[in-house]
Amino acid sequence: MTVPAAGAADREVPDVFDPRGYADGLPHAAYRLLRDRYPVAWQEEHEVLGWPAGPGFWAVTRHEDVVRVLKDARTFSSHLGATQIRDPDPADLPFIRRMMLNQDPPDHGRLRRSVSRAFTPRQVDRFGTVVRERARGLLTAAVATARAGNGVCDLVTAVTDDFALLNLADLLGVPAAERGLLLDWTRRVIGYQDPDESGPSASGPDGRPANPRSPAMLQDMFGFARELAAHKRRYPDDDVMTVLASDPELATPELEMFFFLLTIAGNDTVRSAAPGGLLALARHPDAYRRLCAGAVGAATAVEELLRWHPPVLSFRRTVAHDTEMAGRSLRAGDKVVVFHGSANFDERVFTAPHRLDLARSANPHVSFGDGPHVCLGAHLARLQLRVLYEETCRLLPALAVAGPPRRLVSNFIHGLKSLPLRLVDVPPGE
């Protein structure tokens, strides 16, 4: 691992590692400084929130370089050290590498093709109908709740959490009585840096917080996946788990890791992007009016809202062989972390990036990644977001922020824990 000498210039490099730095939104000033002066910058991986210090990493913040890292799997490996900033326990690494997300081609391609077969055209068509009914029902209930109170409703707890969770449960074929488990697992794994989301922390044998992605901490999820797969073999249905459970090429550990990936990524991508898009629309009423009037297409608007509020903040790769980027020498074994929020606001690629332009036509954002690991469920996520925004326009002629949103403490997921919006005007005295 390269550890560069700290010169005067390096001491000016802002810290974009600390998860607490994202509690107020994307750190645009820090990103801009990194893009302009230190596009590949060394970051100290200091101890924070009870989690131990790490060896440090290179932060990649320009769009061009982020795309290069994501596309070049031979140089920037997902397999060597997995894809999270924190190094996994060496004993856990073989287990973590079973997940498609943490593999390089060609192994990654075989697993990707297996799960791709689960998303049949018939299933996607049926899914779209269910999603629209669900969005309409949740929003209608939220309006009723607001009208019965002070006109304000928390869109995260009333709409977007359930919207993402129930859509995913339908897709996987999880029984209704068990669907709350999906949200519990997501909070444990994704929100582990945030005390509100993670719950009481478990300790490992060394007294440090136990890694929520370790095999020991995921046994309940994997046990559920095996039971669900066995049930689907006996009682097949039109869902993803039925397809995976009946695939003879898929070993049980691979099926377990697919369930983990689909549960966590499939839920939290939409769970994070949906309230972020609604917050952007509430803060830009002219843009919202144009969307609702049909002056801009909902599909185009989804892309801009994804650029504005990427659900994933960062992904890690490991340098497979010595290379160079932006004048920096990167050595085999170095950690490299790409920052999607910075790339999405790179002035070298996006005209007026800090202007929300729902009609932006050239919009090569990296919110769903790029290269071989581009988000497998991106088309389903886009469908859900488009339908949600269309139904919001249909039911709510105006959106207004009624209080400060509460954001997830995380350097990985760009999440919202609370989004109070005024949905209706309630006359005084009611």
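Predicted model: local features only at pLDDT ≥ 70, side-chain atom pairs only at ≥ 80, totals over all residues.

Trainee: Okay, so at what angle do α11 and α13 pack?

Mentor: About 100°, with the axes of α11 (residues 252-283) and α13 (residues 298-308) 9 Å apart. Since 65 to 115 degrees counts as roughly perpendicular, that makes α11 roughly perpendicular to α13.

Trainee: Which residues make the contact?

Mentor: On α11, Ala-273, Gly-277, Ala-280 and Leu-281; on α13, Leu-305, Leu-306 and Trp-308. Six of the contact residues are nonpolar, one is polar and none is charged.

Trainee: And the largest nonpolar core, how many residues are in there?

Mentor: It has 131, and Leu-244, Phe-259, Leu-291, Leu-358 and Leu-423 have the most contacts inside it. Helix α11 gives the most to this core, with 16 residues.

Trainee: What does Leu-291 touch, leaving out residues up to four places away in sequence?

Mentor: Its contacts include Leu-281, Val-296, Ala-301, Leu-358 and Tyr-389.

Trainee: Switching to strands: what's the order in the open sheet?

Mentor: β1-β2-β8-β5-β3, with mixed pairing. β1 (40-43) and β3 (76-77) are at the edges with a single partner strand each, so one side of each has no neighbour in the sheet.

Trainee: How do β1 and β2 run, parallel or antiparallel?

Mentor: Antiparallel, joined by four bridges. Val-40 has Val-60 in β2 as its bridge partner.

Trainee: Which helix lies across those strands?

Mentor: α2 (residues 63-71), which runs at about 125° to β8.

Terms used. Residues numbered from 1 in each chain as written. Heavy atoms only, no water. Core = buried A, V, L, I, M, F, W, Y, C linked by side-chain atoms within 4.5 Å. Buried < 20%, exposed > 50% of the residue type's maximum accessible area, 1.4 Å probe, protein only. Helix = DSSP H or I, 4+ residues; strand = E, 2+ residues; numbered from the N terminus. Contact = heavy atoms within 4.5 Å. Axes fitted to C-alpha atoms, helices over the stretch in contact; angles between N-to-C directions. Parallel < 35°, antiparallel > 145°, perpendicular 65-115°, else oblique. Nonpolar A, V, L, I, M, F, W, Y, C, P; charged D, E, K, R; others polar. Pairing = 2+ DSSP bridges.
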